[in-house]
Amino acid sequence: LDALFPASSALTGGDGSVSAAAVAARKGADGTAAMDHAEAGRSNYLSEDVLRGTPDPGAVAVAIVFETLAK
């Protein structure tokens, strides 16, 4: 959701391009590396020391999908 929400906002607002959605998704995915706890998903079971510095794999996957679609 950390990548999907920004991507969907980029698609429905602004110029609505897939490229803009890909940029927004990547920004959201990269931002998850600063999280110290997860609210949902498998990362919810990980401790702060494991989470910090590692982007959420699900968010990265969403970013990769949008980046591929934008090519």
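Among contacts in the chain between residues at least 6 apart in sequence, what percentage join residues at least 24 apart? The share is 50%, where a contact means heavy atoms within 4.5 Å.

Before you go on, a word on the model. It is a predicted one, in which local features need pLDDT of at least 70 and side-chain atom pairs count only at pLDDT 80 or more, while totals for chains, interfaces and linings use all residues. Residues are numbered from 1 along each chain as its sequence is written, and side-chain values use heavy atoms, with hydrogens and water left out.

**Exercise 1. Describe the chain as a whole.**

Task: find the secondary structure, the dimensions and the surface of the chain.

Step 1. Start with the secondary structure: the chain has four helices and zero strands, and reading along the sequence gives α-α-α-α. Helices (H or I, at least four residues) and strands (E, at least two) are DSSP runs, numbered from the N terminus.

Step 2. Turn to the dimensions. The C-alpha trace spans about 40 × 20 × 15 Å along its principal axes.

Step 3. Now the burial. The chain has 71 residues, and 25% of them count as buried. Buried means under 20% relative accessible area, exposed means over 50%, and partly exposed is in between (1.4 Å probe, protein chains only).

**Exercise 2. Trace the salt bridges.**

Task: count the charges, then work out how R26, D30 and E67 are linked.

Step 1. Count the charged side chains: there are 5 positive and 9 negative ones, and the centres of the two sets lie 6 Å apart. Here Lys and Arg count as positive and Asp and Glu as negative, while His and the chain ends are not counted. The place of a charge is taken as NZ of Lys, CZ of Arg, CG of Asp or CD of Glu.

Step 2. Take the pair D30 and R26, whose side chains form a salt bridge at 3.6 Å, N to O. The two residues sit four residues apart in helix α2 (residues 18–31), so about one helical turn separates them. D30 is partly exposed at 43% relative accessible area, and R26 is partly exposed at 23%.

Step 3. Take the pair R26 and E67, which form a salt bridge at 2.8 Å, N to O. This pair links distant parts of the chain, with R26 in helix α2 and E67 in helix α4 (residues 57–70), 41 residues apart. E67 is partly exposed, with a relative accessible area of 27%.

**Exercise 3. Follow the polar contacts of D56.**

Task: find which backbone nitrogens the side chain of D56 reaches, and what meets the backbone nitrogen of D56.

Step 1. D56 lies in the loop between α3 and α4 and is buried, at 19% relative accessible area.

Step 2. Look for polar contacts, meaning pairs of N or O atoms within 3.5 Å; within protein, one must be able to donate a hydrogen and the other to accept it, and residues adjacent in sequence count only if both atoms are side-chain atoms. The D56 side chain reaches the backbone nitrogen of G58 at 3.1 Å, and a polar atom of that side chain lies 3.0 Å from the backbone nitrogen of A59.

Step 3. Move to T32, in the loop between α2 and α3. T32 is buried, with a relative accessible area of 2%. A polar atom of the T32 side chain lies 2.8 Å from the backbone nitrogen of D56.

Step 4. List the neighbours, not counting residues up to four places away in sequence. D56 touches T32 and S43, while T32 touches D2, T54, P55, D56 and A59.

How values were computed:
A salt bridge is a side-chain nitrogen of Lys or Arg within 4 Å of a carboxyl oxygen of Asp or Glu.
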